[in-house]
Amino acid sequence: MSALAAAILPAQVPYQRIVNADKEPQNWLTYSRTYNGQRYSPLAQITPANAAGLKPLWTYQIKQMDHFETTPLAVDGVLYITEPPDTVSALDARTGRSLWHYVRPVPPDIRPCCGRVNRGVAILDNTVYVGTLDAHLIALNARNGSVEWDTVVADYKAGHSLTLAPLAIDGKVIVGIAGGEFGIRGFIDAYDAKSGKQLWRFWTVPGQGDPGNDTWRGESWKTGGAPAWVTGAYDPDLNLVYWGTGNPGPDWNPAVRGGDNLYSCSVVALDASTGKLKWHFQFTPHDSHDYDSTNVPMLLDGMVRGKQRKLLALANRNAFYYLLDRSTGEFVSGKPYAHYTWTKGLDDSGRPQVDAALEPSENGTLVSPSLYGATNWYSPSYSPATKLVYVSVREQSSYFYKSEAEYKEGAMFVGGGERAIAGDKAWGAVRALDAFTGAIKWEFKLKSPPWSGVLSTAGGLVFGGSMEGNFYALEGKTGKPLWDYQTGAEMYSNIMSFGVDGKQRIAVTSGHALFVFGLP
Amino acid sequence: MFPTVLLLFFLAAQSNPAPAPPIDWAKAKRLFDANCAGCHGPEGAGGKGPALAVPILPHARTNEQLAGVIVGGIPGTLMPASWHLGNEGVMLAVAYVRKLGAGATPPKVEGDAAKGQALFAGKGGCTNCHSIGYGPDLSSIGSRRTAASLRESITDPAAEVLEDYLPVRIVTREGKMVQGMRVNEDTFTIQIMEPSGRFSSFRKDSLSKLDKRVGESPMPSYKAVFSENELRDVVAYLSSLRGEQ
């Protein structure tokens, strides 16, 4: 009987559906909707002409006070979300009523550096995948939330955690570890989607004898950090997985880890079948300001200086927008999109010309951007219609401090910190960059530095959120504000769009609620 | 990454009953001079920030509370969050502040507080703004500011204006002008309290002008209003306002 049932119920989301996600614009099947990381919705019902009529249609409230940072997946009328700390819920996309919950108790001694957050699930076939704060990867039956397998990825007591949405590709689930403030040694792992068995691990800090290990002084590689805490992108044709890596440890006292500290603050291109490094590009060698490069890479094709190229675009926390050749890792261009002082600029190879006087100091060194960066984990968006990359930008400076750092397993290993210039002297913006030159085409100013990503749509809109609760729509071509709604809380959010009953919806978290908007 | 949650770890570390290591006082002084003395004075006698060389700190009666104030700051005041000091730095700062406070006597304030109270409500007309919420709440100002700094605020109000108190002048597209203090603001709207205490709210796209008077204070200088003795009395009154203790 069960065999019969299995035969009748086809796999819900086979890999090919995700590869061909553009054929079903009403769904959102992976973290950035498509493997190319563009976070662009082909839905076009909501336009500059009618955006003023957007209304909240339903709200789903969570029961925890932690930041609610999930990107819902939308699959045939069901939304799959994570709720802090480690809950997965399936919601009716029409009403927001819940269909099932998976609630995992959180050990009382977990040590996430920066809040009990989770940014979403992955789906493949009939299974939903979630990473947890105690560094497990768990597979759940998409129909009822029951556990199919539970794999320990790393020891949470040493400071490891999983906060990102996993990336599910053909038969594999890929995750990157968090914990860069605890002197972990970072890695990116692939697990067999059916069994949960580890298929490969790529250490983001090379071990003894491996190429790159000599970019760390002495034994400092053992506590070198370079976590990989934001979901990457995938090119099925090249079979390469692209992933951003975070800061070297200790964050603000770089003396103990002399050298470039590979592969921290980099993007790595890994063979999806083996986990072997195809190429890497390090944006911020020997970082001393916590400028993680854990920003979603966007894969796009286009002309640069008269040549058609397969590109990887990345708006980096360090205030530069980079284009790399995604087949080879060759540096194509790097252009600032926000105020910066930490480097004099980039040389012809893309390497920053760092001013050593701007390293953190005992009495504080004023540097832009702040520790939180010119942007952060929240997603940028690329619209193939406007050929613009939209970035949610933080304009803020900080005093960076250096202090001693001693490694103790499971304890903070940071060696300093910052005191940010806040209030009206810090502000934010959504900026539109020419995707292929990095030139700033327009900006929409925000009252304060945001913690919300952006979504662009085929309807010609860009959606964003503010720290004062404003959820808003801009005209994609010009940045002109068209509509806004006060959600009533700080927005730590990534925005997505889906369709239900043939109608376009926009979903965004704010405070401790998920809001869904549409035209009535 | 983003360490607001560090606070919890620092506080947990503070209440850990492990034996305290010996204090490196030279290091503690260096740390205090670099991070604290700018506002609290090198000897903790106060300045922009309150005196720390006092027996009781109302926001920080216990060492755990003091560590919490150092790590997290005090919202709505000039006291910033200083989690960058790290566990050891916070412990040194706590030890140093307690050393400054040990054996200290409350600072003597000249002047007659009762007379000052009468001047505050009468001749000065201070309650016109400070009792309706237009001017800052002064009910515990004596625990946050030294006499010298209070005196400066009375004679030269613009010398130090907290960022939360921003005078604004707006003109609507219809030509109506409104002046007041910013109460709240987001990307699309601003809320203002007018001197009468009335709230008003505007969409920014309905304004032809939004003038933020950064660094200005709507409070007049009382230099020419109060005599030297009256000034002392008013400062004595304000110094006596210590809120719930």
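Which residue stands opposite Val267(A) in β17(A)? The legends below take up that pairing and several other views of this predicted model. Residues are numbered from 1 along each chain as its sequence is written, and chains are lettered from A and ligands numbered from 1 in the order in which they are written. Because the model is predicted, local features need pLDDT of at least 70 and side-chain atom pairs count only at pLDDT 80 or more, while totals for chains, interfaces and linings use all residues.

**View 1. Strand β17 of chain A and its two partners.** Gly244(A) is the residue opposite Val267(A) in β17(A). Helices (H or I, at least four residues) and strands (E, at least two) are DSSP runs, numbered from the N terminus. Two strands pair if DSSP finds at least two bridges between them. Strand β16 (residues 240–244) of chain A is antiparallel to β17(A) and joined to it by five bridges. Strand β18 (residues 277–282) of chain A also runs antiparallel to β17(A), again with five bridges. Here Leu270(A) has Leu277(A) in β18(A) as its bridge partner. Five residues lie between the strands in the hairpin of β17(A) and β18(A), where Gly275(A) takes a positive phi near 80°.

**View 2. The buried side of helix α2 in chain B.** In α2 (residues 25–35), look for Ala28(B), Leu31(B), Phe32(B) and Asn35(B), which are buried. They sit on the same side of α2(B) because they cover an arc of only 100° around the axis; the arc is that of the directions from the helix axis to the C-beta atoms. An α-helix has 3.6 residues a turn, so residues three or four places apart point the same way. The cover over the buried residues of α2(B) includes α3 (37–40) and α5 (86–101) of chain B.

**View 3. The buried side of helix α8 in chain B.** Ala147(B), Ser149(B), Leu150(B) and Ser153(B) are buried in α8 (residues 147–155). Their arc around the axis is only 165°, so they too lie on the same side of α8(B). Among the elements covering the buried residues of α8(B) is α9 (228–240) of chain B.

**View 4. Domains of chain B.** Chain B is divided into domain 1 (3–101), domain 2 (113–158 + 219–240) and domain 3 (167–212), with bounds from an automatic or database domain assignment. Seven residues from domain 1 and five residues from domain 2 of chain B make up their contact (C-beta atoms, placed from the backbone, within 7 Å). Nine helices and five strands form the secondary structure of chain B, and 30% of its 245 residues count as buried.

**View 5. Where chain A meets chain B.** Here 25 residues of chain A are in contact with 19 residues of chain B. Strand β29 (residues 416–420) of chain A gives the most to the chain A side, with four residues.

**View 6. Confidence along chain A.** The mean pLDDT (the predictor's confidence in each residue, from 0 to 100) of chain A is 96, and 98% of its residues reach 70 or more. Over residues 1–7 of chain A the pLDDT is below 50, and this stretch has zero contacts in the model beyond near neighbours in sequence.

Notes:
A residue is buried if 20 or more other C-beta atoms lie within 10 Å of its own, exposed if 12 or fewer, and partly exposed in between; C-beta atoms are placed from the backbone. Two residues are in contact if their C-beta atoms, placed from the backbone, lie within 7 Å.
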